[in-house]
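Biologist: I have not looked at this structure before. Please take me through what can be read from its atoms.

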Amino acid sequence: MKEDRLDKIEKKIDDLAQSLDKSRIREYTDMINNPKRLIYLNFIAGLAKGFGTAIGLTLLAAVVAYILHSWVNLPLIGQYIAKLLDIIENYR
């Protein structure tokens with residue numbers, strides 16, 4: 001009876017140890033205890049998020065502009081862009 005109970009407790013402890021290993025708590029605490037690494041990883045993550053946002057917004061704006069161009073004739077925007085290009089050419 002005691003042996004069965006000890007076996008169950010041992011199995012539960014092994015399961016707990018495995019789930020702690022899978023949860024990567026050690027890596028997390030190592031990262032928290034090393035501020036330089038934490039700052040570096042957050043900086044790289046911020047760069048990646050910013051770059052992804054810029055690319056996504058550019059693609060979304062291009063798709064919206066393409067759809068608007070195909071649905072509606074917008075001479076006002078075309079005139080504005082032409083004036084903007086003339087101003088740019090004058091400053092060259």
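Biologist: How far apart do the centres of the positive and negative side chains of the protein lie?

Modeller: This is a predicted model, where local features need pLDDT of at least 70, side-chain atom pairs count only at pLDDT 80 or more, and totals for chains, interfaces and linings use all residues. Residues are numbered from 1 along each chain as its sequence is written, and side-chain values use heavy atoms, with hydrogens and water left out. Lys and Arg count as positive and Asp and Glu as negative, with His and the chain ends not counted, and each charge is placed at NZ of Lys, CZ of Arg, CG of Asp or CD of Glu. With 13 positive and 11 negative side chains, the separation of the two centres is 6 Å.

Biologist: Which residue forms a salt bridge with D15?

Modeller: A salt bridge is a side-chain nitrogen of Lys or Arg within 4 Å of a carboxyl oxygen of Asp or Glu, and a search of the whole structure finds one. Both partners lie in helix α1 (residues 2–23), four residues apart, about one turn of the helix. The closest N and O atoms are 3.4 Å apart, and the partner of D15 is K11.

Biologist: Which pattern does the protein follow along the sequence?

Modeller: Helices (H or I, at least four residues) and strands (E, at least two) are DSSP runs, numbered from the N terminus. The protein has four helices and zero strands. Read along the sequence, the pattern is α-α-α-α.

Biologist: Why is the protein described as more spread out than a compact globule?

Modeller: The radius of gyration is taken over C-alpha atoms, and the globule rule is 2.2 Å times the number of residues to the power 0.38. Along its principal axes the C-alpha trace spans about 90 × 35 × 10 Å. The protein counts as more spread out because the rule gives 12 Å for 92 residues, whereas its radius of gyration is well over that, at 30 Å.

Biologist: What share of the 92 residues do buried residues make up?

Modeller: Buried means under 20% relative accessible area, exposed over 50%, and partly exposed in between (1.4 Å probe, protein chains only). D15, at 34%, is partly exposed, and K2, at 70%, is exposed. The buried share of the protein is 0%.

Biologist: Which residues form the nonpolar patch on the surface?

Modeller: Patches are made of residues with over 30% relative accessible area and no salt bridge; like charges are joined within 9 Å, and nonpolar side chains (Val, Leu, Ile, Met, Phe, Trp, Tyr) within 5 Å. Accessible areas come from the Shrake-Rupley method with a 1.4 Å probe, and for residues only the protein chains shown count as cover. One member, L84, lies in helix α4 (residues 75–90) and is partly exposed at 40%. With about 590 Å² of accessible area together, the patch consists of I77, Y80, I81, L84, L85 and I88.

Biologist: Where does R24, which has a positive phi, lie?

Modeller: Most residues other than glycine have a negative phi. R24 is not a glycine, yet its phi is about 60 degrees. R24 is exposed, with a relative accessible area of 55%, and its place is the loop between α1 and α2.

Biologist: How far apart in space are N33 and E89?

Modeller: N33 is in helix α2 (residues 25–33) and is exposed at 63%. N33 and E89 are 56 residues apart in sequence, and their C-alpha separation is 55 Å.
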